[in-house]
Amino acid sequence: MSEPAGGSRWGYAIAVGMFVMCAVGSGKVLAQDAPSSDPSTSPRERALRDQLKNILQELDELQQKKESEKPEAERPTIIKENAESASPEAATEATSEAKPDFDLADMSIVSKRLQKRPEGMSLSATVPSETESQPTRTMKESMESLPGVVLRQANGPRDFSIMIRGQGAKTTFAIRDIKVYEDGFIQTQSDGLSRLDIHDPWFMRSVEVIRGASSSLYDNYALGGMVHFRTRRGSDIRGLETFFSGGSFGYQKYGVAIGQETEKFDISMFGSHVAEDGYIRHSNYNTQTINFNARYKIDDRQNFYFKAITNWLNTKVPTRLSQSQFFADERQAGTNALLFNQSRVDRRTIVGGIYERQIDANTVLTVEADYDVKDIQQSFAQIGENTNPNYKSYADLRHDGRLGTLPLRSYVGFFVNQLEQKGNSFQNLADGFGTKGTLIQNSRGTIFNIGGRIREELEFYPNWILAVGLGFEQSRLSVHATNYDPVTGALATRASANRTFSNWAPEGSITWKPSPDRRHWIRASAGYGIPQFANLLRNPVDGTPGTNFSLKPQKNLNLEIGTEMRLHPTLLVHVAGFYTFYKDEIIQQTISTGNVASINADSSRYRGVEVFADWRPVSGLRVSGAYTHIDSEYINFSDRTAAGFIVRDGKQVPNVPTDILNGKLEYYHAATGWGAWVEGNYSNSYFLNNNNTFGFPSYVIGNVNVHKNIELSKSSWFRFAKLFVEVDNVADTKYAASGTVITGEAHADAASQQIFFAGYGRAIYGGVTLGLF
């Protein structure tokens with residue numbers, strides 16, 4: 001297994017160089033904002049322009065709705081003639097020029113009201129073509145087109161861990177240290193766990209990612225940032241859509257989408273069924289997802305949004321492979337996977353609502369509340385049953401005002417949430433059926449979080465914006481566990497913990513917009529995450545059941561400098577350099593055989609650069625790429641091993657990628673509806689153990705896609721058909737899709753542990769989306 005290459009310093013030089021370049025250049029228009037490019041324009045004039053933009057947008061929507069309701073013959077003739085006489089490319093450009101200039105991230109979740117994004121942050125979003133031309137099987141296929149974002153295969157078909165700037169790298173299943181939302185509803189439960197099982201990629205309009213510690217806005221667990229999934233609205237569907245897809249390894253998917261927009265309502269509903277035999281043996285699954293969205297315009301000032309999501313998952317789970325197992329047969333199920341009948345039978349449902357009220361022309365109130373319940377039964381070496389009902393709510397007040405003559409955007413928010421944990425663990429009889437044996441543990445716990453946040457964004461000088469924010473949260477965690485002897489079933493030990501944590505998260509940034517097409521910023525922000533239930537139920541001295549009184553919340557400080565600019569009307573470039581200090585990171589240590597405890601690693605640091613480019617030299621052609629470099633190391637950390645304590649200062653933090661590159665060349669010919677793309681993904685090697693003697697192997701993967709869009713305007717039954725054929729891993733490369741943090745000082749000791757999940761070999765998929773009625 002090759003060892004990681006040394007960390008390159010070129011990334012930092014690029015980041016600084018790009019920031020200096022941007023200070024002296026000029027260019028065209030970014031979609032993020034639309035102020036006047038004239039620096040002599042007064043702050044009041046720019047504020048009025050923003051209000052006018054919102055009004056024009058609403059008027060444009062009302063006019064389009066009126067025209068669409070008229071019979072074809074009664075619609076304005078001049079519009080029809082222009083559309084017919086112009087080329088498809090020109091018609092598209094004319095349409096886009098006629099629409100108000102705003103970005104998806106600047107739109108309210110509940111209504112179509114303009115709602116500016118926070119200033120001074122590294123924010124990226126996937127483009128619609130990432131899901132339209134390739135109805136992706138997983139979020140990984142589209143999200144890794146964004147800089148700074150890495151997804152790794154976990155325990156299930158759509159279960160991936162997400163890493164942003166090195167945060168979340170220690171997670172072997174699900175998502176931690178990153179806050180997740182869908183359409184404004186919090187998907188992260190109060191214990192910090194998020195899972196992608198509930199998010200079907202075919203439902204999505206885009207995925208937005210804020211990179212860097214963001215607890216001042218998104219509170220607990222936003223150490224790496226925030227991920228926001230946005231589903232398609234009824235106005236995007238306007239009828240009925242069906243989707244059919246199939247491919248290698250028994251893959252099959254069936255989906256339906258129903259959506260429509262009226263004067264008062266915007267309603268969309270999605271349903272899907274996915275099943276597959278799986279590339280790795282003992283990884284077959286089936287999963288069903290329903291996602292319902294109803295937006296109701298109560299009056300000109302009030303809107304209400306109801307959302308309900310539910311997901312059923314039944315999947316077998318293989319065991320990670322050692323190095324020798326991976327080289328011998330990467331598709332094998334792994335040690336004891338069949339003996340334990342390893343599996344997950346998970347159910348999750350989220351139901352909630354968001355109320356939005358425009359108090360006056362410059363003030364908007366938003367109130368959210370939801371009920372989120374997770375019911376899981378998982379069979380591994382032990383069989384676990386857990387139920388986690390979670391109540392979450394937040395209220396936000398936004399105001400666009402003035403401080404003297406200076407434009408001031410103010411924000412204040414409050415939130416409260418509570419999660420209950422009810423769990424039982426049983427001995428697995430290892431009979432190949434996952435039969436329950438003796439009760440090993442039952443537990444009951446509660447997490448209660450309450451807090452608030454405030455943020456001010458002041459344009460203190462034309463095109464210069466100062467943003468300051470502060471978040472506070474108090475968390476009360478209470479848990480009790482009763483342990484039983486696995487042989488006799490007799491009472492063995494009791495353990496409990498009652499802890500209260502108070503966390504503050506300040507943030508500050510300065511943004512300079514010399515012209516509408518250029519944005520440059522510097523930012524300092526903080527993140528925090530409290531311990532989980534299991535972290536507090538093991539004695540940190542000997543690893544036996546007990547109370548961990550010494551464990552502290554993990555915190556980080558993110559420093560970044562970035563630029564986003566159009567170097568040419570066809571070329572958008574985004575560059576950010578970051579330096580993150582991590583304090584008291586919670587990690588697992590093996591104290592003795594079978595005894596693991598949680599401790600705080602005193603300090604570590606992560607630094608790197610993120611680069612994104614989007615070049616569209618001619619109509620229909622797009623060349624894009626995202627590159628991330630991360631250099632991480634422990635600053636002060638004494639690791640406990642069987643040989644005693646070993647100082648790890650200067651060692652690289654395990655399981656943190658050093659270099660990730662995604663590149664894509666795509667072309668779409670609008671006149672014929674034909675399109676195609678070629679994509680490449682590269683991951684450099686990196687270490688997986690604290691002693692830096694065992695590495696994750698590097699790989700290069702190539703994918704190709706051909707698709708065809710057919711418009712059927714003359715049919716009353718069919719509106720369109722979208723067909724695609726895709727080949728993933730064209731070269732049939734043998735590679736590891738994910739690794740995990742392992743122990744062992746020598747290479748041989750590390751190599752014998754359960755480490756890798758194999759990535760898919762060459763696979764072919766095809767499908768069709770039909771637009772009906």
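Of the 773 residues of the protein, 54% count as buried, where buried means under 20% relative accessible area, exposed means over 50%, and partly exposed covers the range in between (1.4 Å probe, protein chains only). The model is a predicted one, in which local features need pLDDT of at least 70 and side-chain atom pairs count only at pLDDT 80 or more, while totals for chains, interfaces and linings use all residues. Residues are numbered from 1 along each chain as its sequence is written, and side-chain values rest on heavy atoms, with hydrogens and water left out.

The protein holds 10 helices and 35 strands; these are DSSP runs numbered from the N terminus, with helices being H or I of at least four residues and strands E of at least two. Its accessible surface comes to about 31,200 Å², and carbon and sulfur atoms supply 60% of that area (Shrake-Rupley method with a 1.4 Å probe; for residues, only the protein chains shown count as cover). Among contacts between residues at least 6 apart in sequence, 66% join residues at least 24 apart, a contact being heavy atoms within 4.5 Å.

In β7, Val227 is the bridge partner of Val209.

Beyond its neighbours within four places in sequence, Asn690 is in contact with Tyr634, Phe637, Asp639, Arg648, Lys651, Pro654 and Ile742. With one of these, Tyr634, the Asn690 side chain makes a side-chain polar contact of 3.5 Å. A polar contact is a pair of N or O atoms within 3.5 Å; within protein, one must be able to donate a hydrogen and the other to accept it, and residues adjacent in sequence count only if both atoms are side-chain atoms.

Charged pairs come next. Side chains of opposite charge can pair when their charged atoms come close. Across the whole structure, a search finds 49 salt bridges, each defined as a side-chain nitrogen of Lys or Arg within 4 Å of a carboxyl oxygen of Asp or Glu. One of them joins the side chains of Arg455 and Glu457 at 2.9 Å, N to O. Arg455 is buried, at 5% relative accessibility, and Glu457 is buried with a relative accessible area of 7%. Both residues belong to a network of salt bridges that links Arg165, Arg211, Asp400, Arg409, Arg455, Glu457, Glu507, Arg523, Glu560 and Glu610.

A salt bridge also brings together the side chains of Lys583 and Asp602 (3.0 Å, N to O). Lys583 lies in strand β22 (residues 571-592) and Asp602 in strand β23 (residues 595-615), so this pair ties together parts that are 19 residues apart in sequence. Lys583 is partly exposed at 38% relative accessibility, and Asp602 is partly exposed at 27%. Asp614 and Arg622 form a further salt bridge, with their closest N and O atoms 2.9 Å apart. Here Asp614 is buried, with a relative accessible area of 7%, and Arg622 is buried at 8%.

Conventions
Pairing = 2+ DSSP bridges.
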